[in-house]
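Biologist: I should like to learn how to read the features of a structural model step by step. Could we take one feature at a time, beginning with the general idea and then turning to the case at hand?

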Amino acid sequence: MELDLAGAELKAVLNRLRRAQGQISGVIRMIEEGRDCEEVVTQLAAASRALDRAGFAIIATGLQQCLTDMENGKRDGEDPDKMRARLEKLFLSLA
């Protein structure tokens with residue numbers, strides 16, 4: 001399944017990933033500095049949420065593309081049940 005992110009979708013996903021990247025760098029710095037455990041875990045949780053949101057945005061885009069492709073007959077004979085199972089597996093991998 002090929003993903004075609006465009007325009008605003010691509011920008012939103014990249015922003016979320018950059019935010020997570022910054023938060024992870026911050027967590028590393030905090031650990032190196034010996035910061036409070038609660039602060040570190042709070043930042044780590046924020047990074048995790050940012051990554052999850054980026055993943056869900058990618059999956060949502062993929063779902064939309066698959067539905068559009070199916071409606072337009074562009075799935076090249078791919079079994080809809082197999083496609084659904086693949087998308088469900090992707091979704092659950094983030095759960």
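Predicted model: local features only at pLDDT ≥ 70, side-chain atom pairs only at ≥ 80, totals over all residues.

Biologist: How many helices and strands does the protein chain have, and in what order do the elements run?

Modeller: The protein chain has three helices and zero strands. Read from the N terminus, the order is α-α-α.

Biologist: What share of the contacts in the protein chain with a separation of 6 or more comes from residues 24 or more positions apart?

Modeller: That share is 67%. As for burial in the chain overall, 22% of its 95 residues count as buried. The accessible surface comes to about 6,900 Å², and carbon and sulfur atoms hold 55% of that area.

Biologist: How may one check the length of a helix, and what span should α1 have?

Modeller: One compares an expected span with the distance between the end C-alpha atoms. Helix α1 has 26 residues, which at 1.5 Å a residue should span 38 Å; the end C-alpha atoms are 38 Å apart, so the two values agree. Just after α1, glycine 34 adopts a positive phi of about 75°.

Biologist: Which residues of α1 are buried?

Modeller: They are Val13, Ala20, Gln23, Gly26, Val27 and Met30. Glutamine 23 lies in α1, which covers residues 7–32. Glutamine 23 counts as buried because its relative accessibility is 16%, and the limit is 20%. Beyond residues up to four places away in sequence, glutamine 23 touches Gln43, Ala46, Ala47 and Ala50.

Biologist: Is arginine 18 buried or exposed?

Modeller: Arginine 18 is also in α1. Its relative accessible area is 52%, so arginine 18 is exposed, the threshold for that class being over 50%. The C-alpha atoms of arginine 18 and alanine 50 are separated by 9.0 Å, although the two residues are 32 apart along the chain.

Biologist: How many salt bridges are found in the whole structure?

Modeller: The search finds two. In one, the side chain of arginine 35 meets that of glutamate 33 at 3.5 Å, N to O. In the other, the side chain of arginine 35 meets that of glutamate 39 at 2.8 Å, N to O. Both distances fall within the 4 Å cut-off for a salt bridge. Arginine 35 is partly exposed, because its relative accessibility is 39%. Glutamate 39 is partly exposed as well, with a relative accessible area of 35%.

Biologist: Which residues make the nonpolar surface patch?

Modeller: A patch is built from residues that keep over 30% relative accessible area. Here the members are Leu10, Leu14, Leu17, Ile24, Ile28 and Leu51, and the patch covers about 440 Å². Helix α1 provides the largest share, namely five residues. Leucine 51 is placed in helix α2, residues 37–71. With a relative accessibility of 40%, leucine 51 counts as partly exposed.

Biologist: Finally, what does the side chain of threonine 61 reach?

Modeller: One looks here for a side-chain atom paired with a backbone atom. The side chain of threonine 61 reaches the backbone oxygen of alanine 57 at 3.0 Å, which is within the 3.5 Å limit for a polar contact. Threonine 61 lies in helix α2. At 9% relative accessibility, threonine 61 counts as buried.

Note on methods: Residues numbered from 1 in each chain as written. Heavy atoms only, no water. Helix = DSSP H or I, 4+ residues; strand = E, 2+ residues; numbered from the N terminus. Buried < 20%, exposed > 50% of the residue type's maximum accessible area, 1.4 Å probe, protein only. Contact = heavy atoms within 4.5 Å. Areas by Shrake-Rupley, 256 points an atom, 1.4 Å probe, with all protein chains shown as cover. Patch = residues over 30% accessible without salt bridge, like charges linked within 9 Å, V, L, I, M, F, W, Y side chains within 5 Å. Expected span 1.5 Å × (residues − 1). Polar contact = N/O pair within 3.5 Å; in protein donor to acceptor, adjacent residues only side chain to side chain.
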